[in-house]
Amino acid sequence: MRPDAFENAAGRLTSLSARLSDLTAYAYPMLKNMKQFPTKDQFMSILDYAGDVEAQLSTWPNTVPNDWHWKTSHTFDNLPSHQSKIHVWNRRVDIYHDIWVASIWNSY
């Protein structure tokens, strides 16, 4: 994998995460005070910004290098309940290119 491809995909996710923080910082003061609701224009700007961030986040997986996509190595239909929450997620075991790629996906 080219280092710049890794950095670009990881950097895009970091930028999108920062936009989520920006959204929270922008919206929180308007939404915390239940005595003075945001104006319609303020509320619409929050929704527009949130929709834009959501659209970008939803397309992010399509922009990562091909070798970033995981492969499912095992699926489990009948796990004891104590193991289903500890050892596997969604009843499957996925394999990633490396630990760094797995970490980026976990941030997603």
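Author: A residue is called buried under 20% relative accessible area, exposed over 50%, and partly exposed in between (1.4 Å probe, protein chains only). The model is predicted, so local features need pLDDT of at least 70 and side-chain atom pairs pLDDT 80 or more, while totals for chains, interfaces and linings use all residues. Residues are numbered from 1 along each chain as its sequence is written, and side-chain values use heavy atoms, without hydrogens and water.

Reader: Is Leu47 buried, exposed or partly exposed, and what is its relative accessibility?

Author: Leu47 counts as partly exposed, because its relative accessibility is 43%. Leu47 is placed in helix α2; helices are DSSP runs (H or I, at least four residues), as strands are (E, at least two), numbered from the N terminus.

Reader: How is a pair of aromatic rings described?

Author: One gives the distance of the centres and the angle of the planes. Rings of Phe, Tyr and Trp (its six-membered ring) pair if their centres lie within 6.5 Å; planes under 30 degrees apart are stacked, over 60 edge-to-face, and the rest tilted. Six aromatic pairs are found in this structure.

Reader: Are Trp60 and Trp105 buried or exposed?

Author: Both Trp60 and Trp105 are buried. One aromatic cluster is formed by Trp60, Trp68, Trp70, Tyr96, Trp105 and Tyr108.
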